[in-house]
Amino acid sequence: MKEVIDFMLKHKDFYLEYLNERIIKKIQYGYTCDVDQIYCHLNLINNEDSAYYNFYQIIKKFFKLNKKRILECASGKIPILGSIIKEYEDCRVDCLNNEFIFDSYKGTNCIKCNLKNEFDFSYYDLIVAFRPCEITENIVDNCIKYNKSFILYFCPCEIQPNNKDVNCNSAKEWREYIVNKCKMSNLYDISVIEDDKMQDRMPILIAKIK
């Protein structure tokens, strides 16, 4: 735990919301993707024991990754998932996030971008995202626009659709809204699975272009 807090203090401009006593007490349990990424980065846990590695194992069950151009969206300040994919696969991995601690990370290309704005997905073969939270719908919309296969692991948050005329009354209802949006596009063969090794055991949405 001390190593994680020391890392946050060293890079405090990236972690201001964590630096209060109430939240620091929770850091030892994992708490958020930001904290989990620090644990992986500092080798306080083996990457192969992490949810990121398990998600990589799920990705490669559904998609061929060799020689592909992969975009990880909402990769977080330290793109652990992207770096794991790059370590084990002969592929290009670009990681997209609004901020990064490092300019590049373990062979991945770090691209600073706010995905609430449009980003050109046309270069990529596959889009992946691990708990992208409030920008989930923006990612899905871009995948539909650019006809891209994708896989994402939902977060447990209750989020409202970008369309202000649509209201969701629960996190489950919002996730169903996202899945239905993909089905209505008629672009995809859709699978929704769960895995008990994943944090929160939220659904994983797999969308393959037909």
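This is a predicted model: local features need pLDDT of at least 70, side-chain atom pairs count only at pLDDT 80 or more; totals for chains, interfaces and linings use all residues.
Biologist: Which helix holds Arg175?
Modeller: Arg175 belongs to helix H7, which covers residues 171–185.

Biologist: Is Arg175 buried or exposed?
Modeller: Arg175 is buried, yet it forms no salt bridge. Glu194 is the nearest side chain of opposite charge, at 6.9 Å.

Biologist: What does Arg175 touch, then?
Modeller: Leaving out residues up to four places away in sequence, Arg175 touches Phe154, Cys155, Pro156, Met202 and Pro203.

Biologist: Changing topic to Gln37: where is it, and is it buried or exposed?
Modeller: Gln37 lies in helix H3, residues 33–41. Its relative accessible area is 3%, and because buried means under 20%, Gln37 is buried.

Biologist: Which residues are in contact with Gln37?
Modeller: Apart from neighbours within four places in sequence, the contacts of Gln37 are Tyr52, Ser75, Gly76, Lys77, Ile78 and Ile80.

Biologist: At what angle do H4 and H5 cross?
Modeller: The axes of H4 (residues 51–62) and H5 (residues 80–88) cross at roughly 55 degrees and come within 9 Å. H4 is therefore oblique to H5.

Biologist: Which residues make that contact?
Modeller: H4 contributes Tyr52, Tyr53, Phe55, Tyr56 and Ile59, while H5 contributes Ile80, Leu81, Ile84, Ile85 and Tyr88.

Definitions and conventions: Residues are numbered from 1 along each chain as its sequence is written. Side-chain values use heavy atoms; hydrogens and water are left out. Helices (H or I, at least four residues) and strands (E, at least two) are DSSP runs, numbered from the N terminus. Buried means under 20% relative accessible area, exposed over 50%, partly exposed in between (1.4 Å probe, protein chains only). Lys and Arg count as positive and Asp and Glu as negative; His and the chain ends are not counted. A salt bridge is a side-chain nitrogen of Lys or Arg within 4 Å of a carboxyl oxygen of Asp or Glu. Contact means heavy atoms within 4.5 Å. Axes are lines fitted to C-alpha atoms, for helices over the stretch in contact, and angles run from 0 to 180 degrees between N-to-C directions. Angles under 35 degrees count as roughly parallel, over 145 as roughly antiparallel, 65 to 115 as roughly perpendicular and the rest as oblique.
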